[in-house]
Amino acid sequence: MDLHGHEIAVFGNQDRSAISAAADKLLIYLDSNVWIDITERFPEVAKQCRRLVQKDKVVFPVSFSAIDEVFQQPTVAKRLCVAALMDDLSKGICFRPSKTIHEMEANLALPIMLGNATASFKREKILTWIVEFAGTMVLKFPPSWNQVDAEKFHGLIVGRPELRSVKWFVEHLDGNQMRIENAERMKRYVEGITASIKESNCRFKHLAKDVRRKQFLLEERISVVNNLISPKLSRNLLKIVGPEKLLDTIATISKQVGEGGKKRLDQIMKVMPSLDLNCHILAERACNSARKVREQDFYDVEHAIVGGTYADFFVTSDGNLFDLLTNRCSISADQNCRVVRGVKGLEEVLGEISS
């Protein structure tokens, strides 16, 4: 008997087969305002969305931000209506949290360093079922459970429809507690971003605006490299060569491909579009320092760095975000993600798909 118990991933490869099928369809990502609009004000648009989902032409995956914002709705009735539509249109499919996606992207650093300029992963890898909207789930069993009993219990759990339903979460989670926790998180976010913007502008206030924007972006990218990409690279190398050969291997790779520079940084960030889009957004926020940081910015950024890179269509009601993704930054277009504005933009997309 294992004295430490054991654990089983809630979803194995077989349980994710429907996710693989969904990843091959057109993915339309809606920000929270669009979800609310088509639920409350444009029911005919919601019906058109349902028809296309029923015909297996599209899927509307949700995300951590989309689900979390449902709980910010003022009444239970409003929350349930939006959640029910999300269940209908998403078919239980959800993007993994941005933190998980960023870690997956950072894992591509090693292949890039080894000369694989087209390193990537399949889109299905960043999709999951709704229950994992905040992270990968595992079932942990105490030592008293044997493997057979654990697998039987897992079999009873894995097919439950609740694991694929936003509405179930709305009905069973404490919305008031979630709003309290959200308020604390938003407060920390606003304070942190405000301080970062102030510090960056103080350091580069002597530069012209266009030069300052480029410097802000470079600083954000370097921060990502130092805090996420380089540690991931080292850990992945450590798994392959072991601690004894780690330093020699790094030295050999550096000798073969060089120490890097702007060209290497551009090459790395190109295969990490969500990470890089986050850098672009933060740089733009810093460049527009007169604009006060809002709590809603947290969700807007989260929607964009997921939907604006890995969906086929990203529908947003935020004018500033729309301008950034379509005019000031080319990452969405480079990823073949078409960014459209509000319900009107969604209607145009639905019309094109239906024709």
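This is a predicted model: local features need pLDDT of at least 70, side-chain atom pairs count only at pLDDT 80 or more; totals for chains, interfaces and linings use all residues.
Trainee: Which ground rules apply to the model and its numbering?
Mentor: Happy to start there: residues are numbered from 1 along each chain as its sequence is written, and side-chain values use heavy atoms, with hydrogens and water left out. Local features need pLDDT of at least 70, totals for chains, interfaces and linings use all residues, and side-chain atom pairs count only at pLDDT 80 or more.

Trainee: What is the order of the strands in the open sheet of four?
Mentor: Strands here are DSSP runs of E with at least two residues, helices are runs of H or I with at least four, and both are numbered from the N terminus. Two strands pair if DSSP finds at least two bridges between them. Strand β7 (residues 313-316) and β8 run parallel and are joined by four bridges, with Phe-313 opposite Arg-338 in β8. The pairing in the sheet is parallel, and the order is β3-β2-β7-β8.

Trainee: Which strands stand at the edges of the sheet?
Mentor: Recall the order β3-β2-β7-β8. An edge strand has a single partner, so one side of it is left without a neighbour in the sheet; the two are β3 and β8.

Trainee: At about what angle does helix α2 run to β2?
Mentor: Axes are lines fitted to C-alpha atoms, for helices over the stretch in contact, and angles run from 0 to 180 degrees between N-to-C directions. Helix α2 (residues 32-40) lies across β2 (26-30) and β7, and its angle to β2 is about 90°.

Trainee: Is Phe-314 buried or exposed?
Mentor: Buried means under 20% relative accessible area, exposed over 50%, and partly exposed in between (1.4 Å probe, protein chains only). Phe-314 lies in strand β7, and contact means heavy atoms within 4.5 Å. Not counting residues up to four places away in sequence, Phe-314 touches several residues, including Tyr-29, His-303, Leu-321 and Val-339. With a relative accessible area of 0%, Phe-314 is buried.

Trainee: Which residues touch the most other members of the largest nonpolar core?
Mentor: A nonpolar core is a set of buried Ala, Val, Leu, Ile, Met, Phe, Trp, Tyr and Cys residues joined through side-chain atoms within 4.5 Å. Leaving aside neighbours within four places in sequence, Trp-35 is in contact with residues including Leu-30, Phe-60 and Val-82. Of the 105 residues in the core, those touching the most other members are Ile-28, Trp-35, Ile-38, Phe-60 and Leu-346.

Trainee: Why is the pair of Phe-141 and Phe-153 edge-to-face?
Mentor: Rings of Phe, Tyr and Trp (its six-membered ring) pair if their centres lie within 6.5 Å; planes under 30 degrees apart count as stacked, over 60 as edge-to-face and the rest as tilted. The structure holds 12 aromatic pairs. In this one the ring centres are 6.0 Å apart, and the pair is edge-to-face because the planes stand at 85°.

Trainee: How many residues apart in sequence are the parts that this pair ties together?
Mentor: Phe-141 counts as buried at 6% relative accessibility, while Phe-153 counts as partly exposed at 33%. Phe-141 lies in strand β6 (residues 138-141) and Phe-153 in helix α8 (residues 147-158), so the pair ties together parts whose separation in sequence is 12 residues.

Trainee: Where does Asn-336 lie, given its positive phi?
Mentor: Most residues other than glycine have a negative phi. Asn-336 has a phi of about 60° although it is not a glycine, and it counts as exposed at 64% relative accessibility. Its place is the loop between α17 (331-334) and β8 (338-341).
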